[in-house]
Amino acid sequence: MAAPGSAAAAGAVPGPGALGRPRSDGAGTGTVLGQVELRIFIQLRLLLSYSPSWTKPPKIISRENIPKLCSVPSQIHFEILRGHSDTVSSCHFCFEDTKILSCSYDRTVKLWDVDRGFPIQVFEEEHTAPISECNLTPDDRRVVTSSYDNTVKAWDMETGKMLWTVEHEGIVTSCNISCDGRYVISGSEKENTIYVFDAESATVVSRIQGHHKSTITRCCFHPDNQRVTSVSYDKTIKLWDMTTRSTSITINEGHSNAISDCCFTSDGHYLCTASWDRSLKIWDIKTGEFQCHEPVSLSQGHEGSVSSCLFSQDASLVVSGGYDKTIAIWDTEAGCKKLSLKGHWDWVTDVAISKNKKWILSASKDSTLRLWNIEKMDHISSVTESRKARGSKIAQCEECEKPFLCLQRSDSEVISRNLKAGKIVGTGHVTAWNAVKLWNTKKSKNGMMARMAPEWAGHCVLQHGHSKKASKHLRKEDKNRIWVGSGAQT
């Protein structure tokens, strides 16, 4: 994902200076060296800057080593993985969370062992410019990389050998592999083109020229393997259908600034987008609810542009990285931030989360990866206090003006209690993003909390337990449950 003001944003291949690397020629130091000293200086500089990565064992620094530089709760333990010599642009967990894959502007891809904390495989000497993204096939047997050298390459994970190269007409900003491993997609800056090609033969299947009006920042496959999603500096989100070979969904002005990243839930129901407008948005792609109402917005989590986002396997969490050097963990059911992780010395460029939700991985412009243990996150005082605050909300009835208290016994069960009468009105469960499923009215005559579709949730208020969106309500009633609709929707 390209950063604000980066060379990718400006439409040029970034050189060493654009990437923020120090000069290696000693210029500007104000020091006059003799012939011998100069020769020694150059040799040392070359040795430190350009020696093969296997000659430099990466450091692993625990949180105890740098207490003044990090602002992390004591329950969150982390390690710093050093091995890249430039911006780490992409990172993933793989091999059942026992390994980490990363790529960098230093033109290398590294496979790390999580337990040992250092690279066990290095893919190098093929790309001639910064690597923008890396991805693995579902079976973890092959790696695909995209680069500013105008190519996408495939590598054999076991041998580290390159399998094929696909040339593009411009720098390649993103690449992704379909969930069935059959296709690879890439986004090229030249005429904002999307390429789809066969993962085995590298044959181009589709070439979608002029897909966006500006640089494509990220592209990925929908879990059904039939649709391709892309986001861009032009603030739009597009889904392209591989069967009909046409754009099936276009969301214009989805954000107020460039969109930097996108990701799907594992079932493909929801799409999350990250933007330079400092927010993330969650779109209901399956039902098309976004066409009628605003998406769920996750804001006030970053102080700067959001660079990356990723759902957890069960979609209960979203993790995001930002150019404010922080990682944010979001509760998708509550629609709010749970925790911020601070420690990187520069922009966070990418994030990942393990399948068991115990570990978060972050990549940064500071040339490091950080591995965060969030297993005890829910025991942090700020997280528990925030949950209690969200679980005790008072709503007022519009008819009788009686106050109702919403108590939250667990992460999903909610009880509405009439404060004056002291009686339980009804019980029910809240599903993702404030959409109420069904409230049991068996124990209460007044307990008629509605089943609300997600598109109603943001527009309904409590009214004696009813869902009110319009004056006309359509009701379906059975022995113990009441379903309330609005207008023509039932």
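In what order do the 4 strands of the open sheet stand? Select them and you can read off β15-β16-β17-β18, with antiparallel pairing. Strands here are DSSP runs of E with at least two residues, helices are runs of H or I with at least four, and both are numbered from the N terminus. Two strands pair if DSSP finds at least two bridges between them.

Before going on, a word on the model: it is predicted, local features need pLDDT of at least 70, side-chain atom pairs count only at pLDDT 80 or more, and totals for chains, interfaces and linings use all residues. Residues are numbered from 1 along each chain as its sequence is written, and side-chain values use heavy atoms, leaving out hydrogens and water.

Now colour β15 (216–221) and β18 (246–251): each has a single partner strand, so one side of each is left without a neighbour in the sheet.

Next, pick β16 (residues 227–232) and β17 (residues 237–241), which pair antiparallel over 5 bridges. Click S230 and look across to β17: its bridge partner there is K238.

Move along to β19 (residues 259–264), where 6 of 6 residues are buried (under 20% relative accessible area with a 1.4 Å probe, counting protein chains only). I259 stands opposite S275 in β20. Between the strands of this hairpin lie 5 residues, and G268 takes a positive phi near 80 degrees.

Finally, zoom out: the chain holds 4 helices and 38 strands, and 53% of its 490 residues count as buried.

Terms used: Buried means under 20% relative accessible area, exposed over 50%, partly exposed in between (1.4 Å probe, protein chains only).
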